[in-house]
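Here is my note for you, with the structure alongside. Please read the points with the model open.

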Amino acid sequence: MDFAALPDKTLEKVHPSLLLDFSMGNKRSSRPEKSRSEMRESIRSHGVLQNLITRPHPTEKGYLELLGGYGRRDLALELELSEVPVLVKQVDDREAYIIHLQENTIRSDLSIVDEGRAAQEFNSLYGGDRQSVSDALNWPLKKVNERLELMKCTDKVLDALSREKITVGHAMAIAPFSHQGQDKLIDVVLAQGWSAKELKLQIGAKQTPLSIAKFDKGECNSCPHNTFHQMGLLDDVSTEAKCAKITCFREKTAEWLAGIRKQAEERFGKVLYLSESAQKDRSTVNA
């Protein structure tokens, strides 16, 4: 059949082997086994009832590109069904990509890590406009922000989250740290069995309040190590932004001090920090 000649939104029944993967990939990395088992039994008893979303394959004539319904297609092949219902849409690459993301994202059994990756995809698609991401996914803006924050985590942390070894609270607490720091932290968390609350208490000393910074904090506003981005997420009531990368905080402070010292030397001559001179060698002057 020449699917490209069909009107947009045509309903057809086709053999599942004619449904090829979407060229830009399936956004669902896994499906809970319980959910898959329930779907298998339903399809075994009643067949595939919900239309799979497709478009004519751009390079393979006589085939369809699958935009949504991978689980149903795979089970139909496994159960050797002779046909499945499809909705054939005539859309370009961008529209197909959006449909694919939506079909594979707005589902109750999507893992939290898959949700985070979908949020990233949509955030790129909409040029960082998070409100548009919220509208497209039909998610509260808070959920979008939370999922994007989780994507700062390393693969090691996300794997622990996927396997339910840690909670979202753990991952959010770890997210602002450097990748090396995150991998070290997750090892300790798993070894010690810390709760999210215990973890936050442990790492509190490793974060520096940005309110004490003397340097220009302009670059800190978009820094992934700034905990400001987590305020209001997961019902976090913290009102103080902190830096989770102390080495950077110290470097910026040292640069700021060097600038102040240079300005002072231009006015007064050679300047020493208090730490560079003994008390007995210091001279005091009046106003």
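This is a predicted model: local features need pLDDT of at least 70, side-chain atom pairs count only at pLDDT 80 or more; totals for chains, interfaces and linings use all residues.

The points below go from the whole chain to single residues.

1. Secondary structure and overall form. The protein has 11 helices and seven strands. Its radius of gyration is 27 Å, whereas the globule rule gives 19 Å for 287 residues; the protein is therefore more spread out than a compact globule. Along the principal axes, the C-alpha atoms fill a box of roughly 95 × 40 × 30 Å.

2. Burial and contacts. Of the 287 residues, 40% are buried. Look next at contacts between residues at least 6 apart in sequence. Among these, 68% join residues at least 24 apart.

3. Surface and charge. The accessible surface is about 16600 Å². Carbon and sulfur atoms account for 50% of that surface. On the charge side, there are 41 positive and 42 negative side chains. The centres of these two sets are 7 Å apart.

4. Ser134. This residue belongs to helix α5, which covers residues 130-137. Is Ser134 buried or exposed? Its relative accessible area is 6%. Buried means under 20%, so Ser134 is buried. Leaving out residues up to four places away in sequence, Ser134 touches Trp139, Pro140, Leu141 and Val144.

5. Ala241. Here we are in a loop. Ala241 lies between β6 (208-209) and β7 (242-243). Its relative accessibility is 19%, and it counts as buried because the cut-off is under 20%. Gln230 is 11 residues away from Ala241 along the chain, and their C-alpha atoms are separated by 8.9 Å.

6. Cysteines. How many disulfides does a search of the whole structure find? The count is zero. Cys223 is in no disulfide, and the nearest cysteine sulfur to it belongs to Cys248, 5.9 Å away. Now take Cys243.

7. Ser134 is buried in the model, and Ala241 counts as buried at 19%. The search finds zero disulfides.

Conventions: Residues are numbered from 1 along each chain as its sequence is written. Side-chain values use heavy atoms; hydrogens and water are left out. Helices (H or I, at least four residues) and strands (E, at least two) are DSSP runs, numbered from the N terminus. The radius of gyration is taken over C-alpha atoms; the globule rule is 2.2 Å times the number of residues to the power 0.38. Buried means under 20% relative accessible area, exposed over 50%, partly exposed in between (1.4 Å probe, protein chains only). Contact means heavy atoms within 4.5 Å. Accessible areas come from the Shrake-Rupley method with a 1.4 Å probe; for residues, only the protein chains shown count as cover. Lys and Arg count as positive and Asp and Glu as negative; His and the chain ends are not counted. The place of a charge is taken as NZ of Lys, CZ of Arg, CG of Asp or CD of Glu. A disulfide is a pair of cysteine sulfur atoms within 2.5 Å.
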